[in-house]
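Hi there,

Here is the structure I promised to pass on to you. Please open it first, and then read my notes beside it.

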Amino acid sequence: MKELAIVILNWNGSSMMRKYLPSILKHSGEAEIIVADNASTDNSLTILKEEFPTVRTIALEKNWGFAEGYNKALKQIEAKYYLLMNSDVRVEEGWLEPMVRYMRNNPDVAACQPKLLSDLHPSNFEYAGGCGGFIDKFGYPYCRGRVFNSIEKDHGQYDTVMETLWATGACLMIRSTDYWNAGGLDGRFFAHNEEIDLCWRLNIMGRRIVCVPQSRAYHLGGGTLPKGNPRKTYLNFRNNLTMLYKNLPEEDLHHIMRWRRFLDYLAAIQMLATGNIGDFKAVIRARQDFKKWIHEFDKDRNNIQAMRQTEHIVGRTGFSLLWQYYIKGRKTFRTLPKY
């Protein structure tokens with residue numbers, strides 16, 4: 001069994017593989033490199049066979065989405081650690097060893113991520129993960145290096161290893177035992193918020209998530225669903241609400257969900273007022289669909305709460321990020337309250 005398998009989920013990403021896969025192959029040492037293909041309709045499989053013959057390919061029978069696509073692929077892989085990586089991530093020499101070393105030396109850590117920088121603007125953090133992820137009181141995610149749409153330049157200000165609530169799915173190293181003990185990614189999410197949901201479950205189980213910024217990776221981002229796409233808005237709102245329902249402790253659940261109903265409709269009205277009809281409709285539909293399927297997750301919620309080892313979840317902060325950002329004008333991680 002390999003110690004580490006780097007698993008790249010692909011869907012119609014032949015151009016991304018040609019651009020980004022060579023750096024993974026060159027700089028990843030003894031790790032096994034695997035591409036799991038979500039039933040691409042382009043020439044991805046042909047390119048893999050002809051141009052990257054050393055890469056193991058897992059051809060899935062249909063497009064399962066990000067979450068279930070990984071579940072289907074990882075069931076076919078034996079490794080101590082999985083590293084889930086987007087197809088649009090570039091790496092450099094020495095990127096992998098700090099994370100591997102940290103995982104070896106810290107068996108209480110379930111998962112970690114590198115410092116994630118923008119491939120287009122390498123001096124900037126990248127939106128999808130920055131230097132490790134947090135959520136506020138009402139479930140809004142943010143990172144060291146990115147708060148809502150405010151993205152910082154990397155000046156080394158977050159170069160310490162830090163425990164977080166979630167690690168980015170763009171480049172997520174996780175122990176295979178922890179992945180399956182927590183139930184894997186929730187395939188019903190399809191895409192968006194699925195890694196936060198998984199990491200939150202691991203935190204509830206008493207496991208730790210960290211960012212190891214001595215490892216660096218560069219992410220293009222937005223390759224599948226670019227920012228501003230109503231489908232992305234829909235998935236983010238629906239899945240975020242579902243994640244809250246599954247993971248919030250009982251004493252917080254009803255209070256937080258009432259507030260989120262108000263905040264979501266307020267956001268929808270703001271979208272409508274600014275002429276963003278597509279996102280307005282996406283938020284309304286996300287709320288409606290969440291209401292329709294909420295009870296499909298009752299069993300999941302009961303199981304997760306039964307696994308709870310701690311009430312204190314590192315990285316779940318007690319303030320409103322909306323208030324801090326829009327009213328207080330605090331737009332960087334370092335200016336936010338600690339917890």
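First, some ground rules. This is a predicted model, in which local features need pLDDT of at least 70 and side-chain atom pairs count only at pLDDT 80 or more, while totals for chains, interfaces and linings use all residues. Residues are numbered from 1 along each chain as its sequence is written, and side-chain values use heavy atoms, with hydrogens and water left out. Helices (H or I, at least four residues) are DSSP runs numbered from the N terminus, as are strands (E, at least two).

Helix α1 (residues 14-27) packs against helix α2 (residues 44-51) at about 30 degrees, with the axes 9 Å apart. Axes here are lines fitted to C-alpha atoms, for helices over the stretch in contact, and angles run from 0 to 180 degrees between N-to-C directions. The two helices are therefore roughly parallel; angles under 35 degrees get that label, those over 145 count as roughly antiparallel, 65 to 115 as roughly perpendicular and the rest as oblique. Ser14, Met17, Arg18 and Leu21 of α1 meet Ser44, Ile47, Leu48 and Glu51 of α2, where contact means heavy atoms within 4.5 Å. By class this contact has 4 nonpolar, 2 polar and 2 charged residues. Ala, Val, Leu, Ile, Met, Phe, Trp, Tyr, Cys and Pro count as nonpolar, Asp, Glu, Lys and Arg as charged, and the others, Gly among them, as polar.

Which element gives the most to the lining of the largest cavity? It is α1, with 5 residues. The structure holds 1 cavity of 30 Å³ or more, and the space in the largest cavity is about 40 Å³. On a 1 Å grid over the protein atoms alone, a cavity is a set of points where a 1.4 Å probe fits but cannot get out; a pocket is an open set with protein on both sides within 12 Å along at least five of seven lines, and lining residues have an atom within 4 Å of a point. Grid points are joined across faces, edges and corners, and a volume is the space filled by probe spheres set on the points. Among the residues lining the cavity are Ile8, Met17, Leu21, Asn86 and Val89. The lining has 8 nonpolar, 2 polar and no charged residues.

Next come α8 and α9. Their axes come within 7 Å and cross at roughly 155 degrees, which makes α8 roughly antiparallel to α9. This crossing is left-handed. The contact includes Met257, Arg261 and Tyr265 of α8 together with Arg287 and Phe290 of α9. In total it divides into 10 nonpolar, no polar and 5 charged residues.

Happy exploring!

Terms used: Left-handed = near helix turned anticlockwise from the far one by under 90°.
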